[in-house]
Amino acid sequence: RIPWWLYASEVAEKFRDCGYTHPAKVMGPVIPPVLVQVFVSMILQLAFFVLSYRFSFCNTESEATDPWWLWCLFAPGLAFRNFVEVRALRHFIVPFAHRVISRGAAVFTLFNFEVPAFVWFAPLLACSNLALLDNRTDSITTARNLISMSCANSRVESLWIMTWEQSFWHRVGLPVPNLSAFLCMTFAFTFLQFLWPVMMTARKGCFDVSFELGQSGADENLFGDKLNHEDVLRELSNDMATIQAFSLRLLKLRVQRAKEEKCLRTGHLAGVLSLCRQVTARIMFEWIAENSLQMNLQITLLAFQCALSDKITMAKVSGAISVALSIFMSLFHLFSSYHFFALTALVSELQEDSIDPHLSERERAELGKLQGSIRRYVLFAHACRIGFVIALLYALCKVVAIFRCSDSLWNLTGCVHLTSVDA
């Protein structure tokens, strides 16, 4: 049973009266607010950086501190984002529940166990909010570290140079990068996770697309790939855990049903290929460009603060919160990616008897091309996931080193010794 607060009554009525069984036909009304949410996230990402840079101040420990009220400003953005996600979910759940129940499966599951609606909803919405907070704290932490470098008697740049000179990168001949430029570059990378979905969902006939209930929004994007409202929602909601969980299960159910009924067609694989493009982009822009780089850089700068002073300051607490969020979201990304790789495994292991026997030779050839493309995307995604795991393990080692190394710093060559930092 789906609770009343988790589905839109107007969608349920249209579904019953008009038979809108395809999710794309009920997603139209929620696409504009989801797109607005993406742009709001980009604006707030920059706004928090500017506010932190403008109002952070140097304390007696020669490090910058954030104003407390800056953290209170998270609330309006979180509220709006939750409103948009819940509204999209209330539309999506009606056709999703129909497909799932028709196959005798549970609508709400965690770890493959059926759970009540709220037990499913609460942790996934919490993960969505933590993903947003992770981005916001990246903005604040980057700006605060830039201000710290300008504080009187700041030793951050000296420590950065000393750490780099004892690193693997120095041994292979890479020069010491400018820390301010490196901070700004890694912060700029965080915008890719917002810009890419917008670019990939921009449609050729954007002014002719209808977002009314009952319209699927079938069109092509600027790169010639076919998409509809369901594809657009999945792409734009890449940080909405509830939508992503349902979307992956729905695609998996479609492929499983097609294989069982021996009616697999190019449309099934085209949907999986679209998902592969989306997940691969997310791995590059969100996992690596945002999580990995920000996490490791922030841990290094937090270790600098710990090496210079044993006092617990607001700057250290703020930095530790940002690091903890990055590590948690990295683990969540790894766990949730299991469902994507399970889905692609179904496609990679296609048997001849699962393909629709009425397909023409041309359609069978197209099916083979789609399967080959999916395998290449999956291979690349596996390689990136291995790199991401290595970066995460490296980050965890650096966190342990804060408490184990005498100067709180560690790299691949061992503990870093800061013995010649000028006061």
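**A helix, then the disulfides**

Modeller: Let's start inside helix α3, where the buried residues are Ile 31, Pro 33, Val 34, Gln 37, Val 38, Ser 41, Met 42, Gln 45, Phe 48, Phe 49 and Ser 52. Buried means under 20% relative accessible area, exposed means over 50%, and partly exposed is in between (1.4 Å probe, protein chains only). Helices (H or I, at least four residues) and strands (E, at least two) are DSSP runs, numbered from the N terminus.

Keep in mind that this is a predicted model, so local features need pLDDT of at least 70 and side-chain atom pairs count only at pLDDT 80 or more, while totals for chains, interfaces and linings use all residues. Residues are numbered from 1 along each chain as its sequence is written, and side-chain values use heavy atoms, with hydrogens and water left out. As for pLDDT, that's the predictor's confidence in each residue, from 0 to 100. The protein chain averages 88, and α3 has the highest mean confidence, at 95.

Now for the disulfides, each a pair of cysteine sulfur atoms within 2.5 Å. The whole structure has 2 of them. One joins Cys 58 to Cys 151, with 1.9 Å from S to S. Its S-S torsion is about -90°, so this disulfide is left-handed. Cys 58 sits in strand β1 and Cys 151 in the loop between α6 and α7, so the bond ties together parts 93 residues apart in sequence. Cys 58 is partly exposed at 37%, whereas Cys 151 is buried at 5%.

Another disulfide links Cys 405 and Cys 415, with sulfurs 2.0 Å apart. Here the torsion is about -70°, so this one is left-handed too. Cys 405 lies in the loop between α15 and β7 and Cys 415 in strand β8, so the parts tied together are 10 residues apart in sequence. Cys 405 is buried at 8%, and Cys 415 is partly exposed at 33%.

What about Cys 184? Its sulfur is 16 Å from the closest cysteine sulfur, in Cys 151, which is too far for a bond. Cys 184 is partly exposed at 38%. Cys 397 is in no disulfide either, as the nearest cysteine sulfur, in Cys 405, is 10 Å away.
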